[in-house]
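Open the model in your viewer and keep the selection panel at hand. The tour below goes from one selection to the next.

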Amino acid sequence: MVAGNGLLYPILGFASCVAFIYMSFGDLKFSNFPEEPRLSFVERNGTRFFLDGKPLYVNGWNSYWLMAQSVDENTRPSVSAMLQAGAKMGLTVCRTWAFNDGGYDALQISPGQFDERVFKALDYVIAEARQQGIRLLLSLVNNLQAYGGKTQYVKWAWQEGVGLSSSNDSFFFDPSIRKYFKNYVLTVLTRKNTITGIEYRSDPTIFAWELINEPRCISDPSGDTLQDWLEEMTAFIKSIDKNHLLTIGLEGFYGPKSPKKSTVNPEEWASTLGSDFVRNSNIPNVDFASVHIYPDHWFHVLGFEEKRNYVIKWMRSHIEDCDKELKKPVMFTEYGLSNQNKDFQPSQREQFYRTILDIIYKSAKKKGSGAGALVWQFFVEGMEKYNDDFGIVPWESPPIYKLTVEQSCRLARIQEQGIMKELCSKGE
């Protein structure tokens, strides 16, 4: 019909030309934007992690403050700088908080009520980590009061007149609080990132979920209350997200029925906290075990060498548990040496860290369950408000920086990932 007025052929010719240009050069229009790195999910097979069919061993760090620093665009550069610095050191996993319950810049303002501004900050953290090639271990709630924690959940239930008890441990047994937490978990896991367009549960940037930071239920030292909560919540998470690995966030203490309560625990109090490393970690939906290393907090009379020797015993015990009984990987997700010790010398940190990283390396070399360690904590200049007696700006401590890179490189050589050739060839 249109052919009669002579317009059809020029239009067809123009359309064909546009189609040819688009098919040939269409991708160039996006050249000013960073291309999304292609990532696979980290998986577990027996006592080891795997990535793209090859074993993965983790050298990583804690920067719990990434979301908090991303709320204000003026402070976001410190987040980018920290992730870039981690990548430059060959670090592959950063552990950080995916919670802030109540209080200033809260992600969850009240049960089921979220601040979109803060959620976008978490979106930014995940998107930026993806660009830097860093994976995130995201923790979902705190046992401690910092950033709200279980105390805030109990307060909410009490304020709404549905709380069974004012005890912080009612977080684990109060049905109303369990519903609060499940709703929080569902909201976070199904969140669609406003930057990448990817739901959190579908984003391989997330290395794993951590259920709760350092859970304790002192009101029930038998451990039954915490065990019941862990079983319910790990099953709930896996019902929503089968892509990601899951860990608990344990400190690693042995419970009252464990034969190791008196031989490996730091002192008697450690078996009365309601947790048990083996029993808790043996839950089927828990993919890998987690342990913390803080001899400064656990002992008050030991000298540096005694603490270091204890750490060797502590780590070997948990790796043995995972090699022989649990048949799962174990990550030492926090370790640090306080600068508040009376006998503290900066050189001790390098010795302390080396002891821990050597044990990971030796386990990895034997294809054992010692899957990685995350130092507490790294940050960048101008962030003293987030510092504690363990914090380090890594490039301000050349021995620590050098040791960190060395560990990244020797683990990379074992796992044959081939992703750190430029970094590691410098030291060879």
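Predicted model: local features only at pLDDT ≥ 70, side-chain atom pairs only at ≥ 80, totals over all residues.

Select V118, F119, A121, L122, D123, Y124, V125, I126, A127, E128, A129 and R130: these are the buried residues of helix 4. Helix 4 is mostly covered, with 12 of its 17 residues buried.

Next, display what surrounds helix 4. Its buried residues pack against three helices, namely helix 2 (66–70), helix 3 (76–88) and helix 7 (175–189). They also pack against strand 7 (113–114), strand 8 (135–139) and strand 9 (206–210).

Go to the two ends. At the start of helix 4, select D115 and R117: a side-chain oxygen of D115 comes within 2.9 Å of the backbone nitrogen of R117. After the helix comes G133, which has a positive phi, near 75°.

Then turn to the largest nonpolar core, which has 110 residues. Select F171, F181, W209, W229 and F277, the members that touch the most others. Helix 11 (residues 304–326) supplies the largest share of this core, nine residues.

Which residues is F181 in contact with, leaving aside its neighbours within four places in sequence? Select L140, V141, Y153, F171, L211, W229 and M233 to see them.

Last, select L56, A208, F288 and L374. They are among the 14 residues of another core, which lies apart from the largest one.

Technical notes: Residues numbered from 1 in each chain as written. Heavy atoms only, no water. Buried < 20%, exposed > 50% of the residue type's maximum accessible area, 1.4 Å probe, protein only. Helix = DSSP H or I, 4+ residues; strand = E, 2+ residues; numbered from the N terminus. Contact = heavy atoms within 4.5 Å. Polar contact = N/O pair within 3.5 Å; in protein donor to acceptor, adjacent residues only side chain to side chain. Core = buried A, V, L, I, M, F, W, Y, C linked by side-chain atoms within 4.5 Å.
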